[in-house]
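Please look at the sequence and the model first, then read on.

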Amino acid sequence: MDLPLIKIINSGILSTIQAARRLDFQDYGVPRAGFQDKISAQLANWLVGNKKFDSLIESYANYFEFEVINDCSVGVQGACSEIRINDRLVPLDETHHLRTQDRIQIFNNTHGSIIYIAVAGGFSVTQVLGSSATDIANNLGGLNGMPLVQNHILQGSQSIKEMETRRIPKGLPCRAYFPKNTTVHVISGPEASLFTVSSLEAFYSCAFVISADISRVGYRLTGPLIHTGTHNIPSKTTFPGIIQIPPSGDPIILMADGPVTGGYLRIGVVAEVDQPILAQLRPGGRVRFLNCLPEKARLRATNQCRWIEELYHKKTDN
Amino acid sequence: MAYIKWQYLGENAIEISDISSDIQFQLGLRDYLKEFPELGIASFMFTNENLTLFSEKNGFMSIQHIIDRVASYQYEVDVTSSLPLSIIPVCYDKAFALDYRTLERFCKLDFEEIITLHLNAEYKVVMFGFMPGFPYLHGLPLSLAVPRLKSPRKIIPKGSVSIANEMCGIYPNQSPGGWNIIGRSPLTLFDPLKDNVMPLKLGQRVKFQQISKKDFDGFAPN
């Protein structure tokens, strides 16, 4: 049975319920949505014994606050630098067992953009088109397709019985995911050959700055302008990670809510393994692009998944 | 088919380009490839003359095998499998046809003549894109091919029937957009909470049927 678990006091810039991507309706025009930083999201879910893709809160925030309505266990990961329960500092990387009327404040003032808050048993939200991930632009999933705001109450099915406390083992590269600047691997896109040699050279050798224009749909970058003779093409397939060059010459990287088709030139695709790091960059942060073969990108993805897989397996074996 | 043109689209997808723009051909190719689950193809996306293949979690088995299969596909027109004709009611009232003047100017025709041409044509759903449930319809008479607006509108009402270049489209929900609006349909084309999420399907034939403003206002939701 569902119980009201928490009440939002302060939801920051943008908070939504996210979960596994919505993959089965792309050919009907429905974007994927889902986690921007799946590493942090999966770690938050692990802390409370959930499955990797259970629904949780994703928040672009410097500050997030909520009140507990019914006892629950919570895991916080991502770009959080300080957690306080009833004004008392608590460790970042472990499960928190919360009681009715507890107040939790999450601060994010040192690194990264996105915080994840998971509750044991997951939040109860309706699945729409096979996923409970929120797609704000199209009003799908989550809490009626809407962002979370103050006074929203989130339900869960958790029984009051306390779960074990989990701690993220020392030595895992969790904190490596929030650098100020980074280099991401890019696989050449189908229209790369339409760019001039000097444009491609600039694209792969210069640093681009994350502009203030970032959303779950896309991050707009500024830097050297990338020019080409052709500006628009008939609509072609797009998805998260695709780097488009619009006529302005400033690259746009499509993020989790990116549309399924687009008419801008696709200069490249960010390797999946680097998408979480990219998502966590803050406006003003710099990104460089390193050309990479698809085979190498796949290999790196396998290696990244390995420690997450091991973490999950260790506990389910118990 | 001899030479297959394809490119990587990230490490988990490939795009086969310059195939037939006939959606029946493309759907046939998809169904054919689905007969070979060992290829590791999880899903498909159709965009004009391109077919995008997304890999399963563990990747494609071998791209060469996929390309060989694509090359060995024999297209056979199967008339029995063509989807039924779907009739879309549309009201061409000038209050709805936001761009009728632009259309008249470009086509050098009266709006009445434009309506007749639009109604007489038979269309086919060749892709969905831009937003959930937005159908791209082939079959627009060339005399009605009008380029997109120079600057897009911030708000286009739900149901707006629209034209851009050689395509006709319908906005399933309110949205910004740059297509020329010719009329409005009272049909709901995308409802995620229904079993039949979208009444239109890929490959479906479509005709428009004119309704009056009065019929539009009194239209019972589908």
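Between chain B and chain A there are 13 residue pairs in polar contact, both residues being at pLDDT 80 or more. A polar contact is a pair of N or O atoms within 3.5 Å; within protein, one atom must be able to donate a hydrogen and the other to accept it, and residues adjacent in sequence count only if both atoms are side-chain atoms. On the side of chain B that touches chain A, the elements giving two or more residues are strand 1 (5-8), strand 2 (13-17), strand 3 (41-47), strand 4 (50-55) and strand 6 (123-128) of chain B. Strand 3 of chain B contributes the most to that side, with five residues. Helices (H or I, at least four residues) and strands (E, at least two) are DSSP runs, numbered from the N terminus. Sorted by class, this side of chain B holds 20 nonpolar, 13 polar and five charged residues. Here Ala, Val, Leu, Ile, Met, Phe, Trp, Tyr, Cys and Pro count as nonpolar, Asp, Glu, Lys and Arg as charged, and the others, Gly among them, as polar.

The model is predicted: local features need pLDDT of at least 70, side-chain atom pairs count only at pLDDT 80 or more, and totals for chains, interfaces and linings use all residues. Residues are numbered from 1 along each chain as its sequence is written, chains are lettered from A and ligands numbered from 1 in the order in which they are written, and side-chain values use heavy atoms, with hydrogens and water left out.

In the interface, 38 residues of chain B are in contact with 32 residues of chain A, contact meaning heavy atoms within 4.5 Å. The two chains bury about 2700 Å² between them, 58% of it on carbon and sulfur atoms. In chain B, Tyr8(B), Leu9(B) and Glu11(B) lose the most area to chain A, together 24% of what that side buries. Buried area is the accessible area (1.4 Å probe) that two parts lose on being put together, summed over both.

**Salt bridges**

Side chains of opposite charge can pair when their charged atoms come close. A salt bridge is a side-chain nitrogen of Lys or Arg within 4 Å of a carboxyl oxygen of Asp or Glu. Over all chains, the whole structure has 21 salt bridges, and one salt bridge is found across the interface of chain B and chain A.

| Pair | Closest N and O atoms |
|---|---|
| Arg266(A) and Glu15(B) | 2.7 Å |
| Glu94(A) and Arg167(A) | 2.9 Å |

Glu94(A) lies in the loop between strand 7 (88-90) and strand 8 of chain A and Arg167(A) in the loop between strand 11 and strand 12 (182-188) of chain A, so this pair ties together parts 73 residues apart in sequence. Glu94(A) is buried, with a relative accessible area of 16%, whereas Arg167(A) is exposed, at 52%. Buried means under 20% relative accessible area, exposed over 50%, and partly exposed in between (1.4 Å probe, protein chains only).

The pair that crosses between chains runs from Arg266(A) in strand 18 (residues 261-270) of chain A to Glu15(B) in strand 2 of chain B. Arg266(A) is buried, with a relative accessible area of 1%, and Glu15(B) is also buried, at 3%. A network of salt bridges links Glu191(A), Lys236(A), Arg266(A) and Glu15(B).

**The two chains**

Chain A has four helices and 19 strands, and 57% of its 318 residues count as buried. Its C-alpha trace spans about 65 × 40 × 35 Å along the principal axes. Chain B has five helices and 13 strands, with 54% of its 222 residues counted as buried. The C-alpha trace of chain B spans about 55 × 40 × 35 Å along its principal axes.

Gln244(A) lies in strand 16 (residues 242-245) of chain A and is buried, with a relative accessible area of 6%. Gln101(A) sits in the loop between strand 8 (96-98) and strand 9 (103-107) of chain A and is exposed, with a relative accessible area of 63%. Phi of Gln101(A) is near 80°, a positive value in a residue other than glycine.
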